[in-house]
Amino acid sequence: MKYGSPQCSAILPVEQKREKDAERSEEKGGSELLMGDRKVLLDLDYGGEAQGSDSYGSLRNGGFIPPRYLLAAAGDENDDDVDPIYLQFDTKSDQPAALQGNYFRDGRTKIDFVLVWEVRSRKKRRRSRARERADPAREEEEEEEEGGETAAAAADQTSRSERRKAQLAEWRERFVQNLQSVGLLMEKEETSNEKKTIHFLKVSAPWEVLVYYAEDLSLRAPLQAQPNPDFNPSDRVLKKLYIPNIMAEYVPNRPLDYYTCAFRKSKMEKFLGSNNQETYFTNTQRHRIVYEILARTQYGKRKRAEVGVARLLNEGAYTAAFPLHEGPFELPKYEVRPEELNKRQVLFHYWARWSKWFKYQPLDHIREYFGEKIALYFAWLGFYTAWLLPAAVVGTFVFVSGVMSMGSNTPAKEICDSGDSYLMCPLCNTCTSWNMSDICPMAKVGYLFDHPGTVFFSVFMSFWAVTFLEYWKRKMATLAHHWDCMDFQEEEERPRPDFVAMAPAMEENPVTGVKEPYFPEKARLTRMLTGSMVIVIMLCVVMIFLVTVIMYRAIISVMMFHTGSPVLRTQAGNIANISSSMVNLGLILLMGQVYTALAEKLTKWEMHRTQTQYEDAFTFKVFVFQFVNFYSSPFYVAFFKGRFVGYPTNYGTLFGMRNEDCGPGGCLIELAEQLFIIMVGKQVIGNVQEFVIPKVKAWRQQRAMAKVRGSKVSDEPRRWEEDYQLVEYEGLFEEYLEMVLQFGFITIFVAAFPLAPLFALLNNWAEVRLDAHKFVCEYRRPVAERAQNIGVWFNILEGLSHLSVIVNAFLIAFTSDFLPRLLYQYKFHKDLDGYVNFSLAHAPANYTVYPMCRYKAFRDDDGNYTLFYWELLAVRLGFIIAFEHAVFFVLRSIDWMVPDVPESLEVQIKRERFLAKQALTDNQEALLVSRGRGPAHTVGHPPSPAHTVGHPPSPAHTVGHPPSPAHTVGHPPSPAHTVGHPPSPATHRPQPTRSATHRPQPPTVPSPHGRPPTVPSHPPSPAHTVGHPPSPAHTVGHPPSPAHTVGHPPSPAHTVGHPPSPAHTVGHPPSPAHTVGHPPSPAHTVGHPPSPAHTVGHPPSPAHTLSAVLC
């Protein structure tokens, strides 16, 4: 089939006789049939024969395939012995020129969604059948040679494959039929070669469907425009200081900000822009509505939960389902004004390019294009990156201050000037003694990570973490209100496709009342317990790898020490630590990939019903494992290494090897080295993966598409083909996990690595642009999802911030030399003179290998702890308690002083609610009446017997309820006096005016559960208006005899609203209490918004109008 040709080939397997009949029918009907069927699909006002729910039509390469062919195909789909036929038809004369953009071939209908499936060619199979018919003897010989069992197995495999393909095809047909019954428009395109055909089904929602589901989904409708808020405090500060802001940049076509309320079709005229059906709903809102329909539509048996496009994708019926990008992201080669760029080009030019790394993110544009969930991720990432700037500045200042004060470090000076004064005991069983002066460089470098400034920085970062989270809550609330998600709550979620496919039973949903697949809670808990055992086993594997790394480090240290080189001997510990950290990083990344795959299988096996439950369980598993995986080695170095070494003649051992001691520079410098390698190494490798892997996947996809297109590659690909070549969006889990792990590194161990915030800041500047480029240029456009926060990740961040306070307290108390030096200054010498000698113990007298060698510990000559050790232990414990209580008290104070919702935002929320009430309520009195707070003569509430209008009345003057036959106005009516109920067919013809006393009827669109929605019992036909100058054809309730007409020149006897006789008036001065519609008393007016057009016979006073419809 020629690419882009208006001709197409529909391959439909039917019987030979049916084939001939169909061809004769095509010859007879010609283009009339084609255009007639096309009108059924594209023209909503088509008045022809209605298509049943079991009929199916689609547009194939711009041409409509009539239901009769597809019904024949569905009936014969499983007939494997019938050769297919080819139906050729030409739509060249009927197709308008295609408009550039995401439109159907008519140039007017927008494409909201695309469904894609691939079909392998059956050409090889047809050749095999032809060969069987040509030479059956040869085929028999070949089968005998291959063996009967092999042939039978192959035939069985082929049969199962064919049945599976037929099942998928049947599901697709039913799915599209149901989509058509909902009211969606569809058009089909194909791209094919000899081996494979790729089908693209373009889906569009007409205005009536959009309006119905917009109300069903409670989309927000604009009431009044307001100035866009400024989300960048730095911009406001710089403006006040009159300093140019290089981070600010004008981004064209910024979406307006509105006061909004929930969408109501009955109040359409109140909403801004509702007069333009083409632009009222944004493209993002359109594809969100269409995806909701796709997710609800049934394709099989509901009792098996065969519902929704997600399960069809999971089953393989479709290979992809996605909304289209809004054009190319590359800027046009010719000069164009910024306002003329499409939304994707705006995002690429002003956000995704590397040259914009220092600019503010256009969050409103991101939200308009990708939806609130993705926009919140980028808002959080940008906010987090901005808050890293002060942390990085303070950390860098602390590190620089350590460098500048390195020369004034008294203990380092004593080590460097000691010469041969301090002979140190061997570090391993086969090593020799060494002099303390050999580690002079390491002693100076160690001071960079272990000086009083690091204590201050750890306290600062504890306050920073909690303050960051408190202000993020404020920012999150502001964004949620600005993006109309503050009151968003997820509806009752549908079951996951995997869950419904594997659930063993069916039970009624207590919320919806519909039977759904069910999995017993007890069985799920059992599986979760078993899964937790698997997690424990995997954590034990991590510990085994940690022990392996420790042993590797010890072996490398011994090897370096035995080389004989003075440099290698003194740097043996550093070399071993750096190399083992690299090995550990490789194991961490490997185990992370293995466990993520295992956690995914475990979570599926646990059978969680909804996607939210599944994601929460999966997130918990992966984070717990990754936490242990990434942080186990730093925790070991910080709190366990060097704690169980022992002393000469009584060394501790592990598997026959001496336990590790801290290096010459102390454990903090080793911890800093590990944090640098693991944190920075993970960031570099992760960024390379994010840059390379999407490009490789896209290249493979483009290559596969190019093979299908073949010689047509030179033609410009269409938008759905270009988007199909992009990488599938896989969610935000990996992005959040990477940032949360980074947050742990910069808070939990920040006392040992003050430069961690700086490296995190540099990484995040690159991360924002990498992620932006992926979403704009390399990913298929994801379905826009609503969200009001970042979900469970915020709770994890809060947990990490509190854990960081505890870890830093223990790190300062037990790993740093800060407290020992402080206690020595307090007890002995303020200048730390003699501290090195004081901190070294002598080997016991029975240690004869190197008598009188020194080792670092507060022990006496017999190896027992000294009094100073116990005093120091008390100081350490007291410091931990004081540090934690002081920090947590300040944190709680910050939490109390900083409200979660800014005061200015609370005012905006109240203002929006006020405007919504004013706009959607016709008058305040009606609101009071509808709520039962009106005066004594309210309409429709418990009245006095004399003035009842619509409640248990006196028999003579009933208006609207159990009436007397003569004067009934509005309810179970007599044929003569009916006002406002379904009229007799003879007297009601449709008129162009709409009744103002009835709510409009919704379109006949299936409800979310596949059943038609209920229609109001009072059809809003224009023929039921009460009080309009009527012709005889517009009388309400009966042919207008002179005696009983309503609103027409009446006889004096039974008029409603005209000068009557005193005896039979309904609503006139018989008494002031019971008039309905003429010079009325303020108490009994029956009507709606008090305009003269809608009164019952006369203009009413606005005081007691009846019950405006509320939003």
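Predicted model: local features only at pLDDT ≥ 70, side-chain atom pairs only at ≥ 80, totals over all residues.
With a relative accessibility of 8%, His 481 counts as buried.

The overall figures give the setting. The protein chain contains 31 helices and 20 strands. It has 1111 residues, of which 49% count as buried. Among contacts in the protein chain with a separation of 6 or more, 72% are accounted for by residues 24 or more positions apart.

The nonpolar interior comes next. In soluble globular proteins, nonpolar side chains tend to be buried together. The largest nonpolar core has 124 residues, and those with the most contacts inside it are Trp 351, Phe 370, Trp 380, Tyr 384, Trp 464, Leu 671 and Val 776. Helix 13, residues 372-404, supplies the largest share of this core, with 16 residues.

Strand 6 pairs with strand 7, residues 196-204, in the antiparallel sense over eight bridges. The two strands are joined by a hairpin through three residues. Within the pairing, Ser 192 stands opposite Thr 197 of strand 7.

Helix packing can be followed in helix 20 and helix 22. Two packed helices are described by the angle between their axes and the distance between the axes. Helix 20 (residues 572-605) and helix 22 (residues 667-709) have axes that come within 9 Å and cross at roughly 35°. Their crossing is right-handed. From helix 20, the residues that meet helix 22 are Asn 574, Asn 577, Ile 578, Ser 581, Met 582, Asn 584, Leu 585, Ile 588 and Leu 589. On the side of helix 22, the residues are Glu 670, Glu 673, Gln 674, Ile 677, Ile 678, Gly 681, Lys 682 and Ile 685.

Covalent links complete the account. A disulfide is a covalent bond between the sulfur atoms of two cysteines. The count here comes to three disulfides. One joins Cys 416 to Cys 440, with an S to S distance of 1.8 Å. The torsion about this S-S bond is about 85°, so the disulfide of Cys 416 and Cys 440 is right-handed. Cys 416 lies in helix 14 (residues 410-416) and Cys 440 in helix 15 (residues 440-446), so the pair ties together parts that are 24 residues apart in sequence. Cys 416 is partly exposed at 23% relative accessibility, whereas Cys 440 is buried at 16%, because buried means under 20% relative accessible area.

Another disulfide is formed by Cys 425 and Cys 853, with sulfur atoms 1.9 Å apart. This pair links distant parts of the chain, 428 residues apart: Cys 425 is in the loop between strand 11 (423-424) and strand 12 (434-435), and Cys 853 is in the loop between strand 19 (840-842) and strand 20 (854-856). The S-S torsion of Cys 425 and Cys 853 is about 85°, so this disulfide is right-handed. Cys 425 is buried at 4% relative accessible area, and Cys 853 is buried at 0%.

Cys 662 and Cys 667 also form a disulfide, with sulfur atoms 1.5 Å apart. The torsion about the S-S bond of Cys 662 and Cys 667 is about -70°, so this disulfide is left-handed. Cys 667 counts as buried at 6% relative accessibility.

Technical notes. Residues numbered from 1 in each chain as written. Heavy atoms only, no water. Pairing = 2+ DSSP bridges. Helix = DSSP H or I, 4+ residues; strand = E, 2+ residues; numbered from the N terminus. Core = buried A, V, L, I, M, F, W, Y, C linked by side-chain atoms within 4.5 Å. Buried < 20%, exposed > 50% of the residue type's maximum accessible area, 1.4 Å probe, protein only. Disulfide = S-S within 2.5 Å. Axes fitted to C-alpha atoms, helices over the stretch in contact; angles between N-to-C directions. Left-handed = near helix turned anticlockwise from the far one by under 90°. Contact = heavy atoms within 4.5 Å.
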